[in-house]
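Work through the exercises below with the sequence and the 3D structure at hand. Try each task before reading its solution.

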Amino acid sequence: MLGLMQDWPLLCHRIIEHAAQVHGNQEVVTRSVEGPIVRTTYAQIHRRALKVSQMLDRAGIKLGDRVATIAWNTARHLECWYGIMGIGAICHTVNPRLFPDQIVWIVNHAQDRVMITDLTFIPILEKIADKMPSVERYIVLTDAEHMPQTTLKNAVAYEEWLKEADGDFAWKSFDENTAAAMCYTSGTTGDPKGVLYSHRSNVLHALMANNGDSLGTRASDTMLPVVPLFHANSWGIAFSAPSMGTKLVMPGAKLDGASVYELLSTEKVTHTAGVPTVWLMLLQYMAKEKLTLPDLRMVVCGGSAMPRSMIKAFVDMGCEARHAWGMTEMSPIGTLAALKPPFDKLEGDERLDRLSTQGYPPFGVQMKITDDAGTDVPWDGKTFGRLKVSGPAVAKAYYRVDTEILDDQGFFDTGDVATVDADAYMRITDRSKDVIKSGGEWISSIDLENLAVGHPKVAEAAVIGVYHPKWDERPLLICQLKPDVTCTRDEILQYMDGKIAKWWMPDDIVFVEAIPHTATGKILKTALRDQFKTYSLPNAAA
Ligand code: AMP
């Protein structure tokens, strides 16, 4: 027997409709790409999103067609998200930090028909446009006054384009399992892979993000997503914030410490979210200028491990540091390190210990850890295993790839290695390909990196395994120092000594000008492994 409840498909555009109706005057503030701060509201975003839908529909964009965006976090970009999804087209966010060849590959794989771009990316796109024949037209997120001359096909300024619509248009209706958006994983190995979110998965994910132990913003809060809309589904914030009526502050193209600080401060931001490198820049700027952020209550940090020293810096500011783990394939929320009883009563180092785990999953994410044969290993906080997940917002396949990605029980292998303790707190040890295998035992590069960046002179650290004749692999610590400091290998080794098992201690330390990053801000270990592949450790003869 079926329940007698309404058939109310979970469609993304219902979220902006709700925001417009219930929180219509709530502000969305943008640092525009042209420069000035621009203020708009959910009601206006809703109205303009309908115009985007109307214009795309008029151009013959149909259910299932791909419309790409390559753009910063701005209100205009958000309007486009809802406008694209509102007619059942697929919003394909392209990461502009990818190499131009990767952008070409991704756009051709997705067969995007329209490309919506910021002024910033016109020069890159002009160089590669002839290699992306599926793109019929380019829409530039600006007005006539700022629109440059460009060779991009059928290019039009967004504001001029929107003027042709009267907004007298109704969203399309379709099944909630219809694809809404796509995002390619940056793929450090093999080709990038397209993750295809559905309307249903995005709406359910927004509800997951809204719980108090997750991102948990309310109508009275202000959220600044430093995490770009083009990175892992914007961590769901493009849906969760409007669904709650939370004020949004969109940082545009400027993500340096000073610019992010300025917006956090002037807009009295209560919640913000981004990767550790962003917080590193913010904290360095604040320390240098001796600044505070009295309104900031929560910093969500994920994408890479949040170092304990960073967590402490935010906690010392009176702000909650919410360490999160997830991935593009998970929409992306996987776990968050909120403090559940009895850990909420912890203080000092013990509290920091708990906060620096990757946390536990919200309802809607199931996880397990297994050995290589696929057998579950215990949740004892010690046994490492492959981390596997399932849930309504977790991928079951990649776009146009014919490979099975789920195990017999329907779990997706994340490629991460982790421990889980009896209270369900998970701790990432490594990407399975980054874990260092020393004499048959595993050493966590993440733990070593976190410890090293706790040293006051170290800005960023990366650990890779390098060849050792006796142990197969031993850890090499690669450090980028803070500006204008000098430091020796021994200073850092002394600092680390006693804080980890002796056999985990790096065999050597090298200092570099800059640690390379991927397009999503993660340490680019493949480049470091390449650079140091012939590195000879001082004790390698042992
Ligand atoms: P992406 O799909 O680009 O967001 O990358 C997902 C991967 O980033 C995960 O599988 C992890 O390897 C890594 N990652 C994300 N969050 C964390 C975290 N808090 N700690 C350690 N690794 C993380």
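**Exercise 1. Find how far an oxygen atom of the ligand is from an N or O atom in the side chain of R431.**

Solution. Step 1: the distance from the ligand oxygen to the side-chain N or O atom of R431 is 2.7 Å. Step 2: compare this with the cut-off for a polar contact, a pair of N or O atoms within 3.5 Å (within protein, one must be able to donate a hydrogen and the other to accept it, and residues adjacent in sequence count only if both atoms are side-chain atoms). Step 3: look at the nitrogen atoms of the ligand. One lies 2.9 Å from an N or O atom in the side chain of Q358, and a nitrogen atom is also 3.4 Å from a polar backbone atom of S304. Step 4: on its own the ligand has 500 Å² of accessible area, and the protein covers 93% of that. Such areas come from the Shrake-Rupley method with a 1.4 Å probe, and for residues only the protein chains shown count as cover.

The model is predicted: local features need pLDDT of at least 70 and side-chain atom pairs count only at pLDDT 80 or more, while totals for chains, interfaces and linings use all residues. Residues are numbered from 1 along each chain as its sequence is written, and side-chain values use heavy atoms, with hydrogens and water left out.

**Exercise 2. Describe the shell of residues around the ligand.**

Solution. Step 1: there are 16 residues around the ligand, and those that come nearest are A324, T328, Q358, D416 and R431. A residue is counted as near if one of its heavy atoms lies within 4 Å. Step 2: sort the shell by class, which gives five nonpolar, eight polar and three charged residues. Here Ala, Val, Leu, Ile, Met, Phe, Trp, Tyr, Cys and Pro count as nonpolar, Asp, Glu, Lys and Arg as charged, and the others, Gly among them, as polar. Step 3: strand β14 (residues 320-326) gives the most to this shell, with four residues. Helices (H or I, at least four residues) and strands (E, at least two) are DSSP runs, numbered from the N terminus.

**Exercise 3. Which residues make the contact between helices α11 and α12?**

Solution. Step 1: the axes of α11 (residues 308-316) and α12 (residues 348-355) come within 10 Å and cross at roughly 120°. Axes are lines fitted to C-alpha atoms, for helices over the stretch in contact, and angles run from 0 to 180 degrees between N-to-C directions. Step 2: list the residues in contact (heavy atoms within 4.5 Å). Helix α11 brings R308, I311, K312 and V315, and α12 brings D349, L352, D353 and L355. Step 3: these residues divide into four nonpolar, no polar and four charged.

**Exercise 4. What are the contacts of L204, leaving aside its neighbours within four places in sequence?**

Solution. Step 1: L204 belongs to helix α7 (residues 199-209). Step 2: with those neighbours set aside, L204 is in contact with L10 and P392. Step 3: L204 and P392 are 188 residues apart in sequence, and their C-alpha atoms are 7.4 Å apart in space.
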